[in-house]
Amino acid sequence: MAAGKTLLVIGSGPGIGRSVATLFASKRYSNVVLVARRDESLAAERAAVEQAVGSHVTVKTYAVDVTDSAALLKALDDADAAVGKPECVFFNAARVLPSAFFEHDVKEIEYDLKITVSALYVIAQRYVPHLVALAKADPSAKPALIVTSSALPQHPIPQLFALSLVKAAQRNLVQSLNLAYGPEGVHIGVINVAGPVSPDELERNPANIAAKTWEWAEAGKEFEVVI
Ligand SMILES: NC(=O)c1ccc[n+]([C@@H]2O[C@H](COP(=O)([O-])OP(=O)(O)OC[C@H]3O[C@@H](n4cnc5c(N)ncnc54)[C@H](OP(=O)(O)O)[C@@H]3O)[C@@H](O)[C@H]2O)c1
């Protein structure tokens, strides 16, 4: 098994996922586990992290749809065996897609719920007990479960009603987890990316989002940061 601390990124992509993975790896993590559905995009994400951080980082990639719990857990068994259980879990997977009343199929809502809520629950079920144990065993550890959120839970957009509602449910789950396990020493919270992400945005560009996320995670105190 590779030595060093591990960052697990659920929902690895070229935007927030990549910027957080590279920054966190450059600051603290020598092992990075990337999960997304497509092998070809994961190869690009692996290359981006290795290029940004250097060859001393170990990057493991797993092509899996997080809505397939059995496949997800199998991938995580393999990841844990290869690089150890994570100190930091970054849950970033979502589909940022328009949904129009009433053309949107209910199955699409159910799929989005499985990504943002069911998969997050499966991840929490697997890793929160480990993060609590880590907090108790090692005072220098920074056990964390960080979830990418947005302003949609508080301010739904009708043209994005499906994403709005699943993000509201997801935030509620993260709040419950934080109430239960924050006092046990695990930093659990959300980064609220309050608008569209683009390299051209002054605040909401991926590099700045990662920098603000690192600052907030390092402090380890607040439930949320708004970017
Ligand atoms: N983009 C925005 O404008 C914006 C604004 C506010 C908040 N957010 C939030 O930011 C997060 C995403 O950041 P981002 O938009 O910059 O994307 P990103 O980090 O570039 O990529 C996220 C990745 O998640 C993966 N993913 C999606 N569904 C998945 C599934 N079922 N199983 C496994 N992986 C899955 C996708 O890869 P595959 O397609 O290969 O699976 C996608 O590339 C989301 O939580 C979103 O709600 C985004």
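A: The accessible surface of the chain is about 10600 Å², and 56% of that belongs to carbon and sulfur atoms. The model is predicted. Of the 227 residues, 48% count as buried. The radius of gyration is 17 Å, which agrees with the value near 17 Å for a compact globule of 227 residues. Along the principal axes, the C-alpha atoms fill a box of roughly 50 × 40 × 40 Å.

The chain has six helices and seven strands. Along the sequence they follow the pattern β-α-β-α-β-α-β-α-β-α-β-α-β. Among contacts with a separation of 6 or more, 73% join residues 24 or more positions apart.

- Arg37 uses its side chain: a polar atom lies 2.6 Å from an oxygen atom of the ligand.
- Asp65 also uses its side chain: an N or O atom there is 3.0 Å from a nitrogen atom of the ligand.

In sequence, Gly15 and Ile209 are 194 residues apart, yet their C-alpha atoms are separated by 9.7 Å.

Arg37 leads on to Arg95. These two residues are in contact. Arg95 lies in the loop between S4 and H4. Arg95 has a relative accessible area of 16%, so it is buried; the cut-off is under 20%. Its side chain makes a polar contact of 2.8 Å with the side chain of Glu108. Beyond its neighbours within four places in sequence, Arg95 also touches Tyr111, Asp112, Ile115 and Leu163. The loop between S4 and H4 also holds Phe102. The peptide bond from Phe101 to Phe102 is cis, with omega near -15 degrees.

The largest nonpolar core has 35 residues. Leu8, Ile10, Val35, Leu72, Phe91, Ile123 and Leu145 touch the most other members. The strands that give two or more residues to this core are S1 (6-10), S2 (31-36), S4 (88-91), S5 (144-150) and S6 (187-193). The helices that do so are H3 (69-83), H4 (106-137) and H5 (161-181). H4 gives the most, with 11 residues. Take Ile123: leaving out residues up to four places away in sequence, Ile123 touches Ile10, Leu72, Leu76, Val89, Phe91 and Val128. There is also a second, separate core of 29 residues, which includes Ile16, Leu34, Ile191 and Val193.

Two buried polar residues complete the view. Asp80 is found in helix H3. Asp80 counts as buried because its relative accessibility is 10%. The side chains of Asp80 and Tyr127 are joined by a polar contact of 2.8 Å. Apart from neighbours within four places in sequence, Asp80 is in contact with Met1, Lys85, Pro86, Arg126 and Tyr127. Asp80 and Ala93 are 13 residues apart along the chain, with 20 Å between their C-alpha atoms.

Ser164 is found in helix H5. Its relative accessible area is 4%, so Ser164 is buried. Setting aside residues up to four places away in sequence, Ser164 touches Leu152, Pro153, Pro156 and Ile157.

Technical notes: Residues numbered from 1 in each chain as written. Predicted model: local features only at pLDDT ≥ 70, side-chain atom pairs only at ≥ 80, totals over all residues. Heavy atoms only, no water. Core = buried A, V, L, I, M, F, W, Y, C linked by side-chain atoms within 4.5 Å. Buried < 20%, exposed > 50% of the residue type's maximum accessible area, 1.4 Å probe, protein only. Helix = DSSP H or I, 4+ residues; strand = E, 2+ residues; numbered from the N terminus. Contact = heavy atoms within 4.5 Å. Polar contact = N/O pair within 3.5 Å; in protein donor to acceptor, adjacent residues only side chain to side chain. Rg over C-alpha atoms; globule rule 2.2 N^0.38 Å. Areas by Shrake-Rupley, 256 points an atom, 1.4 Å probe, with all protein chains shown as cover.
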